[in-house]
Amino acid sequence: MNEQLDNAPSGLTSAPSPTALPASHPLAHVEVLAFDIFGTVVDWHGSITRELRALYPGLDADTFALAWRQGYQPAMEKVRTGVQGWTLLDDLHRGILDDLLPRFGLAHLDEARRRHLNRVWHRLDAWADSVEGLTRLKQRYTLTTLSNGNIGLLTDMAKRAGLPWDCVLSAEVFRAYKPHPDTYLGVARVFDLAPRQVALVAAHHEDLAAARDCGLCTAYIERPHEFGAARPKDVSPLPCNDVHAASLTDLAGQLGC
């Protein structure tokens, strides 16, 4: 018996097709969306403080989380400048952690507890709009990470949080930490695209500026509480970005997804 292949099975409906962007849209030529992760897709501050409070109730979790993150750029800078050889972010996080523990009265933690705590970066929760927004954007675009996080970290995070990546790209792939041009241009090379066919999506203007300098399109996402509700960020639009969105679901709507 012949069947019509274009008939959906009973009870199932097709997802709506994305609306075509006009040729004048700044992202009209984009095929790949590359996402910054920490702060943009996942809530690192809220996730870390919640876990720290559960594990160590007397700890100043807010200050600890901020101090841990403040060590991030200086640690990577040692790698960027050649002071330290190539080192995965997991290992950089662990070095920062080991330095912090005595300051917060946790020098007594054994290796097993230090390792578990360090892997909190693998267990970060997504922002409330992230999974829905990414799922909608995936209708039109290829979605990849472009994070300084290492591949194992990003994969564990995606598995736990349900982040629907098509590809996981990391500084580890390019052996260079953002904002090195090899990271942004590396995405275009991986997909055999011109830089303007890739857009970086991030909640950090400096990351977007570096991508723009490499010829990528840019989309800014507002994350006013990246550093906690008590420290709201200025998320005012900058005209240099191609798109400004309040959330990933807002971005999906702006891109017709």
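Me: What is the relative accessible area of Gln139?

Reply: The structure is a predicted model, in which local features need pLDDT of at least 70, side-chain atom pairs count only at pLDDT 80 or more, and totals for chains, interfaces and linings use all residues. Residues are numbered from 1 along each chain as its sequence is written, and side-chain values use heavy atoms, with hydrogens and water left out. Buried means under 20% relative accessible area, exposed means over 50%, and partly exposed lies in between (1.4 Å probe, protein chains only). Gln139 counts as partly exposed because its relative accessible area is 33%.

Me: How far apart are the C-alpha atoms of Gln139 and Pro18?

Reply: Gln139 belongs to the loop between α6 (130-137) and β2 (142-147); helices (H or I, at least four residues) and strands (E, at least two) are DSSP runs numbered from the N terminus. Along the chain, 121 residues separate Gln139 from Pro18.

Me: Is His93 buried or exposed?

Reply: His93 is part of helix α4, which covers residues 89-100. The relative accessibility of His93 is 0%, and this residue therefore counts as buried.

Me: Which residues does His93 touch, not counting residues up to four places away in sequence?

Reply: A contact requires heavy atoms within 4.5 Å. With residues up to four places away in sequence set aside, the partners of His93 are Trp68, Tyr72, Asn118 and Trp121.

Me: Are α2 and α3 roughly parallel or roughly antiparallel to each other?

Reply: Axes are lines fitted to C-alpha atoms, for helices over the stretch in contact, and angles run from 0 to 180 degrees between N-to-C directions. The axes of α2 and α3 lie 4 Å apart, and the packing angle is about 20 degrees. Angles under 35 degrees count as roughly parallel, over 145 as roughly antiparallel, 65 to 115 as roughly perpendicular and the rest as oblique. The two helices, α2 and α3, are therefore roughly parallel.

Me: Which residues of α3 make the contact with α2?

Reply: On the α2 side, the contact involves Trp68, Arg69 and Gln70. The α3 side supplies Tyr72, Gln73 and Pro74.

Me: Which elements do the buried residues of α9 pack against?

Reply: Helix α9 spans residues 181-190, and its buried residues are Thr183, Tyr184, Gly186, Val187 and Ala188. These buried residues pack against both strands and helices, namely β1 (32-35), β2, β3 (167-170), α8 (171-174), β4 (198-202) and α10.

Me: Which residues does a cis peptide bond join?

Reply: Pro179 is placed in the loop between α8 and α9. The cis peptide bond, with omega about 10 degrees, joins Pro179 to Lys178.

Me: What is the relative accessible area of Arg175?

Reply: Arg175 is located in the loop between α8 and α9. Although Arg175 is not a glycine, its phi is positive, at about 50 degrees. Arg175 is classed as exposed because its relative accessible area is 57%.

Me: What is the phi of Asp192?

Reply: Asp192 follows α9 and lies in the loop between α9 and β4. With a relative accessible area of 70%, Asp192 is exposed. Asp192 is a residue other than glycine, yet its phi is positive, near 55 degrees.
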